[in-house]
Amino acid sequence: GVAGVSTEPTMGDDLASGEDQKKTGPVEELSNELREEVVREALVWATLHGAVVGDKNHERSGSSPGVGIVHVPLALLPTPFSRAAFTQALDLATHYNTLVDRVSQDTQFLHEALAQTRKADSFTGRLMDIYDQVNAEGITQDIQLGLHRSDYMLDMATGALLQVEMNTISSSFAGLGDLTSKLHRYLVGRFGQELGLSVENVPDNSAADNFAEGLGKAWLEYGDPNAAVLMIVYGKETNMYDQHWLSFKLYESFGAKVIRRTFAEVTAEAKLDDKRRLVIGEQPIAVVYYRSGYSPDDYLSDSDWDARLLMERSTAVKCPSISYHLVGAKKIQQELAKPGVLERFLQDKEVVAKLRESFAGLWSLEGDGNDQILEEAVAKPEGFVLKPQREGGGNNIYGKDVATTIKKLKQEELAGYILMQRIFPAVNDSYLIRDGVWRTAKIISELGIFGTYLRNGKKEVLNKQAGHLVRSKVADSDEGGVAAGYGVLDSPYLV
Ligand SMILES: N[C@H](CCC(=O)N[C@@H](CS)C(=O)NCCC(=O)O)C(=O)O
Ligand SMILES: [Mg+2]
């Protein structure tokens, strides 16, 4: 209901029908007046501290800063999450950073692993073409900056922490996720007594500072104080404040300035000078940070692809470089899960074992020996997710559609997908607030762990577990993307 007036029927009651869901979380303890007070404090805190997004109902909200602003979709209170699993996820971060960097340097592996996919999926094909072109010409810049987010779900049946995916491009919400932790620490600190919660169970977060540090240290490694950071963005971006948090902290901590451009503006304003340095207008660029370019929809014409290639050929540090972008492909995630493949990149057996135990079931549709798993996926589709080579949310295939899609795919299309074990996390009770309106809901949550990695040639400058994010969604919805409008920002309550 509207903050202060509980108008809507509470979702919780409807879904209680017969499901023996373990009721967890503080939701049932909230009396009306306490809930109204906590909701009001949450909304005021979020607004005052910049935990905001553009309001999609306001036509200028994505293009004019300060206009059409609304608080970020939120879980009112942090959601219970296993302390052991949280610690395990944090511990994996530096190892996943290293894995991405090692795989990115193995041209033969990338070619072998993506040979079929580049033919089956034209987007991957275009990325591979750029990869081949810059390799043929000779890499101009071996400073690699990764600002990653490795997403996990805690499988209720086995208690296993399983990786959903590794994001190596445009990993959102270091800014807003950090703030959500701070908001929940404020609310639990202020109302913990009545809520029966303690702030020690709400871990602090420094994702925004860590991502700004990654950008800042890459800018320093480039070594030109007059050069700027170029952020590649959408013309209309309702998640701009998550991006501006990083720009502001980067300037505050390092003095580096960020300029924002779309691919079209890069086409109009960019050139390479005689040393292949990237210049936008008169402004030299030290780092290119992509917050667009992860979906084929982001390339509206060949000139956008030319802009990507031009930036890739330049001496600017790309985040991600084309090779880091490719390592984040779902096909690579699936190939890395094959027996013996991790050992190609990592020597430490314990590390290999830790990473491998975080892999969910992952299978290709094409190639040898998969008939049995394909039959199982057609017979029991609810146990699987079918994933195209797409980022940005809203693309995965669930339920019966898994079976119908597998049956209708042509042989040459199979390598454009991967099949993954569907993970069933615990269901929790929560209050979700969107546009100032709260509602109770049964939610499932996904934990993202940010990682920052910077290597300059042989020198590893940075390799950090860089903070966390929880995104929650109504338990019966398949998609969970916040930017895509399904999920809310949340944080873990360690139990
Ligand atoms: N609007 C763009 C959105 C960029 C984007 O979609 N990033 C993907 C990884 S590729 C992602 O992190 N998705 C999880 C956050 C969610 O749930 O929406 C931006 O913020 O720059
Ligand atoms: Mg993703």
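**Exercise 1. Is Tyr186 buried, exposed or partly exposed, and what does Tyr186 touch?**

Step 1: Tyr186 has a relative accessible area of 26%, so Tyr186 counts as partly exposed (buried means under 20%, exposed over 50%, partly exposed in between, with a 1.4 Å probe and protein chains only).

A quick word on the ground rules: this is a predicted model, where local features need pLDDT of at least 70 and side-chain atom pairs count only at pLDDT 80 or more, while totals for chains, interfaces and linings use all residues. Residues are numbered from 1 along each chain as its sequence is written, chains are lettered from A and ligands numbered from 1 in the order in which they are written, and side-chain values use heavy atoms, leaving out hydrogens and water.

Step 2: Skip residues up to four places away in sequence, and you'll find Tyr186 touching Glu41 and Trp45 (contact means heavy atoms within 4.5 Å).

Step 3: With Glu41, the side chain of Tyr186 makes a polar contact of 2.7 Å (a pair of N or O atoms within 3.5 Å; within protein, one must be able to donate a hydrogen and the other to accept it, and residues adjacent in sequence count only if both atoms are side-chain atoms).

**Exercise 2. Which residues touch the most other members of the largest nonpolar core?**

Step 1: Of its 64 residues, pick out Leu99, Val103, Leu230, Ile285, Val288, Met311 and Ile332. Such a core is a set of buried Ala, Val, Leu, Ile, Met, Phe, Trp, Tyr and Cys residues joined through side-chain atoms within 4.5 Å.

Step 2: Helix H3 (residues 83–104) gives this core its largest share, nine residues.

Step 3: Now zoom in on Ile332. Neighbours within four places in sequence aside, its contacts include Val103, Phe109 and Leu326.

**Exercise 3. How many residues surround ligand 1, and which are the closest?**

Step 1: Count 18 residues, with Arg149, Asn239, Arg291, Val482 and Ala483 the closest (near means a heavy atom within 4 Å).

Step 2: Check the oxygen atoms of ligand 1. One is 2.7 Å from a side-chain N or O atom of Asn239, and a polar side-chain atom of Arg471 lies 2.8 Å from an oxygen atom of ligand 1.

Step 3: The protein covers 95% of the 520 Å² of accessible area that ligand 1 has on its own (Shrake-Rupley method, 1.4 Å probe).

Conventions:
Helices (H or I, at least four residues) and strands (E, at least two) are DSSP runs, numbered from the N terminus.
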